[in-house]
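Have your viewer ready and follow along, one selection at a time. Each stop tells you what to pick and what you will find there.

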Amino acid sequence: MNKIFFTILITICTENAIGYVSPRISFEKEYKELYVEIVEKLQDRHYKGAIINDIFSKNYFTNYLENIDPNKAFLLKKDIDEFKKWQYSLDDLMISGDITPGYEIYNRLLNRAISQLHYNIELLESDFIFDLESPSFFVTDVKKRDWPKNLDAARQHWRDILTDGMIRLLLNDKKPLDARAALIKRYKNQIKQYLQRNSQDVFQQYVNSFAELYDPHTAYYSPRNSENFQINMSLSLEGIGAELRTEDDYTKVIRVIPGGPADLQGILQAEDQIIGVGQQETPIVDVIGWRIDNVVNLIRGPKGSLVRLQVIPARTDHSGASKIIEITRDKVKLEEKSAQKHIIKINRNGDIFRLGVLDIPAFYMDFEAFKERDPNYKSTTRDVRNLLKELEKEKVDGIVLDLRNNGGGSLREAINLTDLFIDPGPVVQIRDARRRTYQPGKALYKSEYTGPLIVVTNRLSASASEITAGALQDYGRALIVGSQTFGKGTVQDVTPLTTGQLKVTNAKFYRISGDSTQHRGVWPDIIFPSSFDPEEVGESHRETALPWDRVSSVRHKVSGNLKQYLRFLQKSHEVRVSSGSDFGHLKKQLSLDREWRDQDLLSLSLEARREQIQKLESAQLFLENNRRNELKLPPYATIDAWNQAENIKNAKTHVIEKGDSLSLIASRYKVSIPQIIEANSMTAEDKLAIGDTLKLGKKKSIFEPDPILEEAGQILIDQILLQSKGIKPQQLFSVSVRQ
């Protein structure tokens, strides 16, 4: 590993009355050679390549500024105007390996940031009184703001940020003095974070600002980050089991890993923002503005230990109300993330249909055991084959293949799993950087299951799961219901460099129909409402994502003609969900969430923000009580009563293990021990304890009603009626209404 050169020079800020030392980061000349090496490898190996010209240079310039100052919070308009001398010359400087602009711009950012953060601290430590009854609004959409014109404008902008910060803390039950102290600590921590950055960090950020222009999955990893070459920071090893990334000074959850501690606990969700991290007995540390690797280090810890996360849920407005989530650290357990089955029973006009649900959270394979010829090696396909045999013995009428939240995994397993449902034939195509198209594998065997089949997807179904869903759709083997998939249709490999590593996109996936899964993903035949905003989640929301395109289709035998029924299935679905149902309620709830989440103006009045939260909660309670009225259940009197019921439900689905403490579970879910005992239908034997520590073996949580699965099952029943029960398509509408 090459030596890192990090120089600190003493400078005094000339635009601030505060005296302080500001670091200045320099680079060693070997970085110039590394820069050229990276440029050459990208040009040679990337699937798209890039025309490096003045347009590329301007995009590079803009992207770097957005990366180092994503909220336009520190640099001034005059800084940007000064830096524009480089906006059309970065392409020429790339050829010679000149990275001077990257360091000059970053050092200005560093100076401005530390100056502003010191100003914030002095203001908070003074007798400055915040106006918490201001009629003003704060613009949350950074695209609608420009950099401050001057230092006075920057100070005013930051006073708004501080006011917003105070309001958020007060809304989360902090006392005014404690809120000030929390903000002071936040900004001191941010200064510390900036002072820890070194030459390697700046180089990585500067390089990745042009690597991202090739596509979002291409990246350079410095030696410090090579061990975490998935920059999203998978925490599956003795952590919480989540993928994270930094977005606008916040740590955002990208995906909850199936089978991990967070997944089993069931509260943390994709798109949630983590704003604080604490250990079991220590206070929560504010992590707004922290580097992603430092946040990850706080979250990771010994197996069995408790981590507390302060989270702003994705399904809320921007008012700032947060909640505390407690997760016990563990490794992702293979048996927990394995494919699972259960049976749902649906009454259709007095006939009970038994539908098998195959939940496939990932495409996994124990490669080491496979290489060692272990006859019992674990894989998705082997597990699903066994589950299919069990469902066949249980005489199910059809099968729902649940690929929701399946982020992908082994390509081999995606092909092999598809083979269980189709006869021999192609499954997927790959086109490499030299535009050569080939098939990485085929379905080789006669299908194991030939009965009625439907596939459920959502926005987090990605990569390998899109290959399986797309193939089953192309063969006419199954209809796809749910929401548009993620659109991750690219292939990456990792190349070692003189210093660090380079992850490069070098190929794309294509369906056998010729359509790419990239960008567009797999479109369902029948669309369900999604809890994920496609403008915020998925490949298509990334500006530099590779586009959708097509290659030639490959010959394949369509095994079914489900499309002929699609119009009738769609109409039946619409009639069913328009009447009172959990699915209809879900649709209304998601519409309400989106309406509130899309607001981009925040009031700087504490009382107005409280009223905003109360309006949202009242609207949510109204929808929930409408649902309960339709189900002939008693309505909730208050939001608190509803929250208590939800806590009891969470305690009920908690997987109780030997050694679990009833009091800890009660504290975690804010319920009483008798409520846990009642919710889990625990016997007297179960309750044998030393103190209150359970001495029972593991109990599986029950399957909770799932409106998406229920409606997928209803559509599958419609399909069964059309295909095997002698119902004519024209009759289906009336059959579906009589439920």
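This is a predicted model: local features need pLDDT of at least 70, side-chain atom pairs count only at pLDDT 80 or more; totals for chains, interfaces and linings use all residues.

Start by selecting Arg186 and Asp286: their side chains make a polar contact at 2.7 Å (N or O atoms within 3.5 Å, one able to donate a hydrogen and the other to accept it; residues adjacent in sequence count only if both atoms are side-chain atoms). Arg186 sits in helix H7, residues 176-195 (helices are DSSP runs of H or I with at least four residues, strands are E runs of at least two, numbered from the N terminus).

Residues are numbered from 1 along each chain as its sequence is written, and side-chain values use heavy atoms, leaving out hydrogens and water.

Next, select helix H8, residues 199-211. Because 12 of its 13 residues are buried, H8 is largely enclosed by the rest of the structure.

Now show the aromatic rings; the structure holds 18 aromatic pairs (Phe, Tyr or six-membered Trp rings with centres within 6.5 Å; planes under 30 degrees apart are stacked, over 60 edge-to-face, the rest tilted). Tyr64 and Tyr206 are an edge-to-face pair, 4.9 Å centre to centre with 75 degrees between the planes. This pair joins helix H2 to helix H8 across 142 residues.

Terms used:
The expected span of a helix is 1.5 Å times one less than its number of residues. Buried means under 20% relative accessible area, exposed over 50%, partly exposed in between (1.4 Å probe, protein chains only).
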